[in-house]
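Colleague: Could you walk me through how to read aromatic ring pairs in a model like this? I'd like the general idea, then the case at hand.

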Amino acid sequence: MQTTTSALTSRRLLVGLLLLCLLISACGFKMRGQAPLPFETLYTNVSRNSAFGIQIYRLLKASSPNTTMVDSAAQAQVRLNQQAFSRTRSDVSLDYEGKVEEYELGLVFIFNMTDAKGNVLIPTTRLSATRLMPYSEDDAAAKAAEMQLLYSDMEKSIADRLYRRVISEDAIERYKQFNPQ
């Protein structure tokens with residue numbers, strides 16, 4: 001009787017998995033793959049030597065391998081212009097002695113994207129991220145390392161959001177509108 005119950009449970013699990021697969025395929029689910037961009041060259045003034053710049057270059061290259069990152073704005077069909085990139089740190093709470101107990105860390109990236117003719121594909125946009133970090137002077141070295149990890153996490157988050165804006169349907173449609181082929 002026990003083998004019959006386990007066989008019945010296995011069959012139900014198998015049928016459930018098959019139904020789930022059919023349901024997912026019927027709704028049009030598709031893993032996100034490459035999203036080739038309609039332009040072949042892109043220039044950005046974001047430094048390729050920074051962790052943030054490396055993230056952006058990797059994301060764009062992985063999704064659109066036919067798009068080349070060029071070193072000169074004059075060579076590019078599209079320009080991704082960094083207008084500002086700043087880190088902030090402010091005190092959120094103090095203890096009774098006036099020592100910081102918690103910081104708010106912030107990261108702000110302001111950019112726009114234009115084509116070679118100067119047409120605006122993405123207007124000036126501000127992307128920001130904030131994180132709260134408890135602080136203790138007793139663990140200053142560990143907290144400094146934690147702060148760097150939090151900034152790194154925020155950079156990855158902003159790079160991902162920037163990437164999604166660059167490959168968005170709105171930006172692609174604007175490019176095609178201004179640059180018919």
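**Reading the rings**

Modeller: What covers the buried residues of helix H3 includes helix H2 (51-63), strand S3 (78-94), strand S4 (100-115), strand S5 (120-134) and helix H4 (169-178); helices (H or I, at least four residues) and strands (E, at least two) are DSSP runs, numbered from the N terminus. Buried means under 20% relative accessible area, exposed over 50%, partly exposed in between (1.4 Å probe, protein chains only). This is a predicted model, where local features need pLDDT of at least 70, side-chain atom pairs count only at pLDDT 80 or more, and totals for chains, interfaces and linings use all residues. Residues are numbered from 1 along each chain as its sequence is written, and side-chain values use heavy atoms, leaving out hydrogens and water.

Colleague: How is a ring pair described?

Modeller: By the distance of the centres and the angle of the planes. Rings of Phe, Tyr and Trp (its six-membered ring) pair if their centres lie within 6.5 Å; planes under 30 degrees apart count as stacked, over 60 as edge-to-face and the rest as tilted. That rule gives 6 aromatic pairs here. Phe39 and Tyr175 have ring centres 5.3 Å apart and planes at 70°, so they are edge-to-face.

Colleague: Which parts does the pair of Phe39 and Tyr175 tie together?

Modeller: Phe39 is in the loop between helix H1 (2-26) and strand S1 (41-44), Tyr175 in helix H4, so the parts joined are 136 residues apart in sequence. Phe39 is buried at 2% relative accessibility, and Tyr175 is buried at 3%.

Colleague: And Phe52 with Phe85: stacked or edge-to-face?

Modeller: Stacked, because the centres are 4.7 Å apart and the planes at 20°. Phe52 is buried, while Phe85 is partly exposed at 30%.

Definitions and conventions:
Contact means heavy atoms within 4.5 Å.
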